[in-house]
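Hi,

Here's the structure I promised to send over. My notes on its packing and its pockets follow below.

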Amino acid sequence: MSRASLLSLIVASALVSLALAAAGKTEITLGNIQYQLGEDSTSTWNSVKLNEKLTTIPALTQHGSLSIKFAVNDKATGKPFPVHQAFVAFVHAETLQEIIFIAELDPANVYVAEIDLKKERDQFHGLSGVYNVRLIIGDFAVPLGINWNLMDVKVTVPKVAAPVVKKSQQIIYEKLPEINHIFREPEARPPQVVSTAFTFICLAPFALLIILWLRVGINFESGNVSIWTIPFFAGFGGIFVLYTMFWLQLNMFQTLNYLFFIGSATFFFGNRLLRVVAAQRKEKTKTE
């Protein structure tokens with residue numbers, strides 16, 4: 001039984017004791033207290049007086065066993081008094097680790113607890129050393145229970161290998177080493193002559209367009225002028241300005257955000273301008 005289960009039983013007993021306090025109070029005592037220590041059931045039983053701790057510290061190996069039996073009696077009448085809680089607790093003298101064993105009531109009204117290390121050694125988790133063996137007796141009708149250090153025993157159990165814990169499940173409270181991150185060095189840029197030449201190559205088609213316009217000539221008289229012409233070309237030029245800003249300053253998301261509004265307005269003005277041009281051409285065809 002775990003320590004948490006034991007505490008739960010004690011708390012429940014205390015609550016029931018308060019609720020049934022009017023039913024009467026009983027004082028209990030222990031009698032016929034004996035223990036048996038050895039590797040088999042043929043070992044002799046030794047008696048212990050109540051509230052007197054055993055002076056010697058017997059050894060309990062991994063192949064041995066310890067049996068404890070006692071009777072719980074009503075102090076006033078001397079009759080057997082069955083209790084709700086009867087435990088034998090092994091408490092490590094240094095770490096205070098507790099292992100709880102239940103004392104069972106036999107037909108002769110005697111409580112017996114058998115601790116066989118061949119079966120129960122796993123509960124000690126490989127922790128050897130001196131353990132305080134305590135009797136813990138309680139009941140809802142008993143205002144004062146019994147918590148008596150019967151004896152000390154030197155328990156020897158094989159060590160247990162520490163469980164392997166995954167690195168992802170480990171909890172480390174120590175300060176972790178500082179992480180010094182080294183960024184990758186930027187790649188070498190081309191010489192300035194190469195980048196300048198590439199810029200002129202990109203501007204060459206636009207320069208060729210201007211030269212051809214100057215040579216052929218631009219006929220502005222055939223153009224259609226309406227209230228939609230200036231907004232359309234303003235939006236069209238704004239798109240080129242936005243692309244230039246994308247190269248110089250803006251990132252892709254900012255560019256797309258601005259392009260949505262400028263492009264939508266340019267599309268609307270262009271659609272209106274095309275309607276005007278189509279209407280003018282249709283009117284011109286009728287007059288001819």
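I started from Leu30: leaving aside neighbours within four places in sequence, Leu30 is in contact (heavy atoms within 4.5 Å) with Leu50, Phe70, Ala71, Val72, Leu135, Ile137, Ile146 and Trp148. Before you dig in, this is a predicted model, where local features need pLDDT of at least 70 and side-chain atom pairs count only at pLDDT 80 or more, while totals for chains, interfaces and linings use all residues. Residues are numbered from 1 along each chain as its sequence is written, and side-chain values use heavy atoms, with hydrogens and water left out.

Leu30 also turns up in the largest nonpolar core, which has 37 residues; Leu30, Ile68, Phe70, Phe90, Phe124, Ile137 and Val155 touch the most other members. (A core here is a set of buried Ala, Val, Leu, Ile, Met, Phe, Trp, Tyr and Cys residues joined through side-chain atoms within 4.5 Å; buried is under 20% relative accessible area with a 1.4 Å probe, protein chains only.) Strands (DSSP E runs of at least two residues) giving two or more residues to this core include β1 (28-38), β4 (65-74) and β9 (129-138), and β10 gives the most, six.

The largest share of its lining, five residues, comes from α3, and the lining has seven nonpolar, two polar and no charged residues.

Cheers

Key:
Buried < 20%, exposed > 50% of the residue type's maximum accessible area, 1.4 Å probe, protein only. Helix = DSSP H or I, 4+ residues; strand = E, 2+ residues; numbered from the N terminus. Nonpolar A, V, L, I, M, F, W, Y, C, P; charged D, E, K, R; others polar.
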